[in-house]
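This briefing goes through one protein model by topic. Please keep the sequence and the structure at hand while reading.

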Amino acid sequence: MSNFNRMTIVAAAEVVAEFNSHSDMEVLEVQWDIVGRCNGSSKPARIASLARIAIDDGLEVLTEHGRLPLSRAMIDIAILAPPKTRDGASWKKLVAGLRFDGFELVAMQAENSSRFGWGNTRTATFELVRMLPEDVPELDFREAESEVVRLLDRHSFAVSKGHLQQAIAAFSRGDWSASNGELRKLYEGYLNEIAERLGCDRADSSKDKRAYLGQLDPPFLLSDYNEWDKNDSKPQYVQGLMNRFHPHGGHPGLSEEEDAMFRLQISLITARLFLRRFDQRASI
């Protein structure tokens with residue numbers, strides 16, 4: 001599997017095309033040995049062809065950093081985009097896609113001499129870094145999303161699946177508030193559906209359904225792991241995460257984008273844990 005999802009690769013092709021002419025892109029295609037494989041009749045056609053090759057063929061191409069997958073070579077070019085391009089929708093989609101792939105763009109300051117020799121100009125450049133260690137299992141969020149979707153489908157949790165799809169779509173377009181709202185509905189939704197499948201009255205409140213999951217015999221939410229406790233004053237992961245999804249106002253030093261990324265990550269990991277647990281119980 002590529003390190004990058006389809007949205008990221010398509011966004012990278014769009015960004016490259018925004019600040020490169022047809023001739024510039026043809027030079028890149030010569031360097032990457034894909035001449036004649038890209039439809040050059042228009043920028044959109046060229047973008048589609050380039051993205052399709054990167055996604056479907058798994059090519060390695062020659063770059064100044066050695067041989068790299070074509071998808072990575074495209075991203076390395078895309079992150080050189082000038083400020084004007086970085087104000088556009090394609091750049092925002094690229095950044096969101098990279099974050100979902102587990103990568104962060106870290107801004108660096110490069111000092112360049114003026115072409116006329118009148119002092120120096122400072123231009124922001126970016127370095128692509130992993131947000132989390134590559135070799136730690138269970139941290140691939142695309143994998144988490146795939147398994148969560150598969151389990152939601154298996155148990156016909158259609159409403160919860162809809163919230164997940166809406167959350168990811170909103171995140172992809174940079175609508176952090178909408179993404180957060182859908183993730184909150186996802187979390188509450190699948191726990192409610194699990195409780196109902198395990199015998200809880202559909203008319204009960206969401207809080208009562210979470211209590212039901214903790215009081216089952218054997219319990220679904222485990223007090224030994226501080227997931228739930230009948231004593232509300234004790235630490236509880238499930239209610240604590242619910243509270244985290246309902247913050248009051250912004251917080252200094254934390255951007256909306258960073259908060260939305262955290263919520264997406266913790267939502268996918270938590271959903272995978274509880275849906276796996278339900279799947280095991282349902283199969284007994």
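In which helix is Gly189 found? Gly189 is found in helix H8, where helices (H or I, at least four residues) and strands (E, at least two) are DSSP runs numbered from the N terminus. The model is predicted, so local features need pLDDT of at least 70 and side-chain atom pairs count only at pLDDT 80 or more, while totals for chains, interfaces and linings use all residues. Residues are numbered from 1 along each chain as its sequence is written, and side-chain values use heavy atoms, with hydrogens and water left out.

**Confidence**

- The protein chain has an average pLDDT (the predictor's confidence in each residue, from 0 to 100) of 85, and 86% of the residues score at least 70.
- Where pLDDT is low, the predicted coordinates should not be read in detail.

**Overall make-up**

- The secondary structure consists of 11 helices and four strands.
- Of the 284 residues in the protein chain, 44% are buried; buried means under 20% relative accessible area, exposed over 50%, and partly exposed in between (1.4 Å probe, protein chains only).
- Of the contacts with a separation of 6 or more, 59% are between residues 24 or more positions apart.
- The accessible surface is about 15400 Å², and 50% of it belongs to carbon and sulfur atoms; the areas come from the Shrake-Rupley method with a 1.4 Å probe, and for residues only the protein chains shown count as cover.

- Helix H4 (residues 70–78) is largely enclosed by the rest of the structure, because seven of its nine residues are buried.
- The buried residues of H4 include Leu70, Met74, Ile75 and Asp76.
- The C-alpha atoms of Gly189 and Ser160 are 5.6 Å apart, although the two residues are 29 apart in sequence.

**Aromatic rings**

- The structure holds seven aromatic pairs; rings of Phe, Tyr and Trp (its six-membered ring) pair if their centres lie within 6.5 Å, and planes under 30 degrees apart count as stacked, over 60 as edge-to-face and the rest as tilted.
- Tyr187 and Phe245 are an edge-to-face pair, because their ring centres are 5.5 Å apart and their planes are at 70 degrees.
- Tyr187 lies in helix H8 (residues 176–197) and Phe245 in the loop between helix H10 (237–244) and helix H11 (256–282), so this pair ties together parts that are 58 residues apart in sequence.
- Tyr187 is buried at a relative accessible area of 2%, and Phe245 is buried at 1%.
- Phe220 and Phe274 form a tilted pair, with 6.2 Å centre to centre and 45 degrees between the planes.
- Phe220 is in the loop between H9 and H10 and Phe274 in helix H11, so the pair ties together parts that are 54 residues apart in sequence.
- Both Phe220 and Phe274 are buried.
- The charged end of Arg277 sits over the ring of Phe220, 5.7 Å from its centre; the rule asks for NZ of Lys or CZ of Arg within 6 Å of the ring centre and within 35 degrees of the ring normal.
- Tyr187, Tyr190 and Phe245 form one aromatic cluster.

**Cysteines**

- The count of disulfides (pairs of cysteine sulfur atoms within 2.5 Å) is zero.
- Cys38 is buried with a relative accessible area of 11%, and Cys200 counts as buried at 7%.

How values were computed. Contact means heavy atoms within 4.5 Å.
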